Amino acid sequence: MTATSPMTATLIDGKAFAASLRTRIGTAVTAMKAQGITPSLTVVLVGEDPASEVYVRSKGRMTREVGMNSFEHRLPADTPQADLLALIDRLNGDPAVNGILVQLPLPSHMDEAAVINAIDPAKDVDGFHILNVGRLATGQKAMVPCTPLGCLMLLRDQLGSLAGKNALVIGRSNIVGKPMAQLLLRDSATVTMAHSRTSNLQDLCRQADIVVAAVGRPHFVQGDWIKLGAVVIDVGINRTDDGLVGDVDFDGAAKFAGAITPVPGGVGPMTIACLLANTLTATARANGLPDPEGLTP
Ligand code: NAD
C-alpha cells in the first residue's frame, strides 16, 4: 500500500450473496408449491459447445436445488432453425413451462435475434426478447437480463441508493452493458457508457463512483484508473494461463476502490441466482401472484 492508495477495498462476496438469494428463492418456491404451483425452467441447448454444456449442467443443478422443475432439450448442431422455432412454439404453449432459456451462442446457420424473439416474452427469463428490452428501457415491468440484475443487487447492497452517483459502464453488449446502463438510469445514477471507440476512458473512470467492467479483456481496467472509494463490479470472465481472471486488475484496483468484486466469486454466481429469480418472477406473473419481493428491479 502506498501513500497515494490508502484504502483497502471491501470484498464484495457475490458467492455468499447468491447463496442467500437462492435460499430466499427456495423458501418462495416451497410456498408456491403449497399452493399447487411448481415453477419450472426449460433450457434448450443446440450443439455441443463445451462451455455451454458446463453452463447448462450447472443451471439444471441449481434449478433443482431450489425445488423448481428443470427441463432440458438438447438438439444437434445441424438442427434446422425451423425445428428449433417449432420447439420454442411448443414450449410457449405449455403451461407447465414457466421459463425458457435458449443457450447462446447458437450455431452460425441460425439467426439469434429471430430465435430469441420467438420466445414468449412472459417466459423469456434471459430478458433478451425485444419487448423486454423495450419495457426495461421505458420503465415498464420487464424480464431483466440476469447478469446486470445481479450487478444491480450487489451495488444496491453496497451503496443503498444509487441516485446521483456517477456510474461508468464499460462495454455496450446487449446482454450486459446496455441493460446495465438502463438499470443504473432507472436507479437515478448519472450513467456514462464506454466502449471500444471511447477515447478518454481513463479520465471517465477516474470520475466514476461506480465502475461496471464488461469488456472481455483480462485485467484491462488498471488500478490507478479507479477513483478513491469507488465501487467496482467486474463482469469479465477470461480464461488465461493463470486461471479465470476478470476485466479489472484486481490487486491494483483494490488499493483504490471502496469495494470490489473478485473473479471468480463475484458477478458469476449472481447470474445463475438471478436466472432462478427471473423464473420465480415469471411463474408468479403467470399465476396472477404479486412479484416476489426483492427479486425484480
Ligand atoms: P461483448 O464481447 O459482447 O462486448 C464487449 C464490449 O467491450 C463491447 O461492447 C466493446 O465495445 C467493449 N470493448 C472492447 N474493447 C474495448 C476497449 N478497448 N475499451 C472499452 N470498451 C471496449 O462481451 P459481453 O458479452 O458483454 O461480455 C463481457 C465480459 O463479461 C466477457 O468477459 C464475458 O465472458 C463476461 N460475462 C460474464 C458474465 C457473468 O455471469 N459473470 C455474463 C456475461 C458475460
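A pocket here is an open set of points on a 1 Å grid over the protein atoms alone, where a 1.4 Å probe fits, with protein on both sides within 12 Å along at least five of seven lines; its lining residues have an atom within 4 Å of a point. Volume is the space filled by probe spheres set on the points, with grid points joined across faces, edges and corners. The model is predicted, so to speak of local features pLDDT has to be at least 70, and side-chain atom pairs count only at pLDDT 80 or more, while totals for chains, interfaces and linings use all residues. Numbering starts from 1 along each chain as its sequence is written, and side-chain values use heavy atoms, with hydrogens and water left out.

The largest pocket holds about 1,400 Å³ of space. It is lined by 48 residues, and Tyr55, Thr147, Ile237, Gly268 and Thr271 are the closest to its centre. Two or more lining residues come from each of α1 (14–34), α2 (50–65), β4 (99–102), α6 (146–159) and α10 (267–286); these labels are DSSP runs numbered from the N terminus, helices being H or I with at least four residues and strands E with at least two. Helix α2 gives the largest share, eight residues. Sorted by class, this lining has 27 nonpolar, eleven polar and ten charged residues, where Ala, Val, Leu, Ile, Met, Phe, Trp, Tyr, Cys and Pro count as nonpolar, Asp, Glu, Lys and Arg as charged, and the others, Gly among them, as polar. The largest pocket lies between domain 1 (36–143) and domain 2 (145–269), because both give residues to its lining; the domain bounds come from an automatic or database domain assignment.

The second largest pocket has about 340 Å³ of space. Among its 21 lining residues, Gly127, Phe128, Val133, Asn174 and Ile175 are the closest to the centre. Helices α4 (112–116), α5 (130–137) and α7 (177–186) each put in at least two residues, with the largest share, five residues, coming from α5. The split by class is 13 nonpolar, six polar and two charged. Domain 1 and domain 2 each contribute at least three residues to this lining.

Phe220 and Trp225 sit edge-to-face, 5.8 Å centre to centre, with 85 degrees between the planes. Phe220 is partly exposed at 23% relative accessible area, whereas Trp225 is buried at 8% (buried is under 20%, exposed over 50%, partly exposed in between, with a 1.4 Å probe and protein chains only).

Terms used
Phe/Tyr/Trp six-rings, centres within 6.5 Å; stacked < 30°, edge-to-face > 60°.
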